[in-house]
There are 2 protein chains.
Amino acid sequence: MTNPLLSDRDVDFLLYEVLDAEGLCALPDFAGYNRETFDLVLGNARRLAREVLFPAFQAMDAEPPRLVDGRVAVHPRMRELYPAMVAQGFIAATRPAEVGGAQLPHLVAGMATAYLMAGNAAAYAYLGLTTGAAHLIEAFGSDWLRDTFMRPMYEGAWTGTMALTEPHAGSSLGDITTRAVPQSDGSYRVVGSKVFISGGDHDLTENIVHLVLARVDGAPAGVRGVSLFAVPRLRPEGERLVPNDAHAAGVFHKMGWKGLPSIALNLGDEGDCHGWLVGPEGRGLACMFQMMNEARIMVGMNAAATAAVAYQESLAYAQSRTQGRSLGAKGDAAMVPIIEHADVRRMLLRQKAIVEGSLALLATASRYADLAAHAVGDEARRDAQRMLELLTPLAKSFPAERGFESNALAVQIHGGYGYTSEYLPEAWLRDQKLNTIHEGTTGIQAMDLLGRKVMAEGGAALMAFGAVVGASIDEARAAAVEARWCDELAAAVEALGSLTMELGAKGMAGDRDGMLRHATDYLDLMGTVVVAWQWLGMATAATRGLARGDGASTDFYRGKLAAARYWFVTELPRAEGLTARIREADGCFAEARAEWF
Amino acid sequence: MTNPLLSDRDVDFLLYEVLDAEGLCALPDFAGYNRETFDLVLGNARRLAREVLFPAFQAMDAEPPRLVDGRVAVHPRMRELYPAMVAQGFIAATRPAEVGGAQLPHLVAGMATAYLMAGNAAAYAYLGLTTGAAHLIEAFGSDWLRDTFMRPMYEGAWTGTMALTEPHAGSSLGDITTRAVPQSDGSYRVVGSKVFISGGDHDLTENIVHLVLARVDGAPAGVRGVSLFAVPRLRPEGERLVPNDAHAAGVFHKMGWKGLPSIALNLGDEGDCHGWLVGPEGRGLACMFQMMNEARIMVGMNAAATAAVAYQESLAYAQSRTQGRSLGAKGDAAMVPIIEHADVRRMLLRQKAIVEGSLALLATASRYADLAAHAVGDEARRDAQRMLELLTPLAKSFPAERGFESNALAVQIHGGYGYTSEYLPEAWLRDQKLNTIHEGTTGIQAMDLLGRKVMAEGGAALMAFGAVVGASIDEARAAAVEARWCDELAAAVEALGSLTMELGAKGMAGDRDGMLRHATDYLDLMGTVVVAWQWLGMATAATRGLARGDGASTDFYRGKLAAARYWFVTELPRAEGLTARIREADGCFAEARAEWF
């Protein structure tokens, strides 16, 4: 039996029993959709992922792209995979009809995409990067840029990249030094070096458009001097495309994501690299950040998908691999499938709790993204935007950090075989590690959550969050979900609120160091609570499902309740200790001097 | 500056300030040693590891051994590395003089070996495997076997392997099916297939001796029918060595440890594979297990060493890589080394706490191994053996599990670069994953600890442990170490004792499932407590050091106290929640049915 990548039953459960995807069709912008058309999209994605993308995964992992005569040659399998994905309209799936998009809710598009990511993350990434880059031009570019660059990108004729990072600056984007010199025709000449540019060169499409952060000559130092440019590999000159002096200087050898090249990109080595401003001068980072939720949720979804496919693999292995006997069985009893050993079930249940909790969190965040853009009324959109902003660093980092742990468990369940590349879990473990690093490391997400998101507008987002979780708890109580879980989640959210107020007060009093000292612990704490909220919601839907008495789903619902119980018994109790540690603001590491190490 | 692999200052601290290595020289068997000769051994190991082994690491990781015409060809660099290691006498370092050994304490030999492992784990493994296999022959083999096989192995002329695992049986060694048929000359004909045989074939030495578990025809089913055999690749026939029908059937492609081949080994394909019994018939597993402490502590040491070298790498990177500014600094301030960011220091301090806590635990276990074999008086030896047995599953699994986390942090600190093989942390992360799997998975260690070690002799080992920790706490109080740490460790050890009694009572009452249900949590709990004990001991020595006022070591001692504080503030508090969870014996995973997943 081949790996299903994700559980269809779980995805359907999230969409139709937990998050009311059909309810979105009541919004004017989604009026063209219904459950049937959603299912059509999902069905296509499932087939494509299982029949086309996944079968190419191992071969692409084994033979990474190479730099040949200054150009990157991708794996030959990509020549079938790329057009197959493009043909299903995934690049502009969530974009409006007027730019050629399908105007599909993020909630549904995200789940469909999760299958592609689970099947072959590197292969899908060519599209995901293109969506992000084209969306920037859509949102901030001139009509000429939209016509010239965005359109072929959304069509998949060209791809796109994000070219932010520079060798010396890393996460510190205010320190980039790539220069842009204004020209009389309104364009700029760009000179600089970028690193870690995923999809930065390849031989799949005719052209590639880099969205580049650079500094206009004379601009102020720091983030306020940074602007955003569209810099194509080939630039239009009349009817032709001519080389634009943007070259692959080298390919990085990565531990995972081997199907996708990550390159060092040199711009303007010969002084002939043309770029076009996207958005106002000096607002490059602001424009970037406006799209950041999208990119970060995409990373979180990737992390959840990478954990999911490995969970499915280790589950199938544990069900079929026989070894050892139950405790107390005689030596001549038949060997049992290893899922019968309690510790193997522990590892599987932990994976299930992480994978399905992550998917639920991503789906919830995606739904807020839909409401933020398409709900009726400014207030409804603003409320949804606030929740989206708050959840984004959690939806990015929780699946990445816990997903890595979950992927390691998939290796562990496979035992010695798990350590070999004859089996797939080790490849997924390598793939997963990137997700705690790119699009803002976990440490950066923690600063974003505690330094910005929960403190913005006097804590409005956290108050809104409290109200939303309160409503979930009321629903759970009404459905007769385990009362203890409801009480414990309510207590944890209240404790989180008081802790945040204390931290805010500390910051207001000028002690920003003290406020942010345990930001990563805070991220861990809130991630644990937020996923408990997800599990409570799933437990509510499962309890209702059991009450409906749909026999075919009984095991599925029981499994949901078992995983929810796992989270409430083993993870939520960590909240108390984390809260105490953050409150105490112990300085063990903050006060440790560099020379003590 | 090149990576020091381990901190010399830390190793010296453990040996001479914490564990009184010189005190061992008062034992008759170690009377030939003193601090100077210990330092000579360490100095040689340090040079060899830094100048010979480590420079070959990356090349060996990049080009794994290949199977060519039925023989495994190892990396050419091994031809210099192997004799260089052999020349320093590492194979028989801890063995008695009468078998050609140096009779060095495990405490010192272990620390010396840690440098070799940190420099190039795969390269050292050829020796470590040989030590283990030869030691089995030394302990249980006939004089002929000792003369014929053990001697060239200890000399490094031949290497050895452990050939336990079979494809269908995995950890369940009672289910192996390799057959041994007795012959009139006292030898056996062996037929079977083994997998994951590290160093199972290579072109480094003339011969390889496999220590093989097999079942003599007619033996009872299960573990009591399993015997141990020495099965060479070439067997002696008169003055010659002739092929012994033991063939490499394939090489596994592993995610790490790429310098060491892991092969599928076929024995007796042509009916001409001779083997010789080691130890009594039917006692194969018992013999194996008698050497198991040694092998498991070697794995733990490897895990600690692999975490250590990555910690050193990320520390140096964090001290030299500039990026961003301190909170509140202006945008035009100079960028700072990333060690100045609190979250980077958090990751470094966590690595330090794990690495140095693991090394201390391994050193402590090694010291008990020395006393178990060489203390004066049966009782002293038995007491030490009991502590060694108890600590072994912890010394194997804690460094492997937490070391993996620590290795992931080393990648994280390197950011995008950490994800590339242009830098080394990703290779060490891949290497580390094996240590939670081989020589008994973490789940197996948990069952060993809770099902056997703490319950043996009516809980004698845990009582002895309580007394030893109590003495450490008294010492710490006398040295005026933070009283809160002393109180908290005392409370944790007491709670561990009561919990264990409850679990024992549950087992005695017939509920072995309930007793062992949370065995992995118990392993985690006790690992956390045992490492807290190590940190208290190090804090005591550091406090004394500060009191002596040796200025050159002030920063070092302060660093020790900072890491101890970290462990007591962030890790030991987990004990309470773990204890509650184990006591409650919640059945979330034990009761989850296979069909719910």
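How many residues of domain 3 of chain A are in contact with domain 4 of chain A? In this predicted model, 22 residues of domain 3 of chain A touch 25 residues of domain 4 of chain A.

**Domains of chain A.** Colour chain A by its four domains: domain 1 (8-145), domain 2 (159-287), domain 3 (291-439) and domain 4 (441-597). Keep domain 3 and domain 4 of chain A, whose C-alpha centres are 18 Å apart. On the domain 3 side of their contact, select helix 9 (342-374) and helix 10 (378-413) of chain A, each of which supplies at least two residues. Helix 10 of chain A has the largest share, 12 residues. By class, this side of domain 3 holds 11 nonpolar, four polar and seven charged residues.

**Between the chains.** Now show both chains. Their contact takes 76 residues from chain A and 76 residues from chain B. On chain B, select helix 18 (residues 554-571), which gives the most to this side, with eight residues. The chain B side divides into 32 nonpolar, 24 polar and 20 charged residues.

**Strand 5 of chain B.** Select residues 188-198 of chain B; nine of the 11 residues in this strand are buried.

Finish with strand 12 (residues 274-277) of chain B, which pairs antiparallel with strand 5 over two bridges. There, B:Tyr188 has B:Gly275 as its bridge partner.

Definitions and conventions. Residues numbered from 1 in each chain as written. Chains lettered and ligands numbered in written order. Predicted model: local features only at pLDDT ≥ 70, side-chain atom pairs only at ≥ 80, totals over all residues. Contact = placed C-beta atoms within 7 Å. Helix = DSSP H or I, 4+ residues; strand = E, 2+ residues; numbered from the N terminus. Nonpolar A, V, L, I, M, F, W, Y, C, P; charged D, E, K, R; others polar. Domains from an automatic or database assignment. Buried ≥ 20, exposed ≤ 12 C-beta atoms within 10 Å, placed from the backbone. Pairing = 2+ DSSP bridges.
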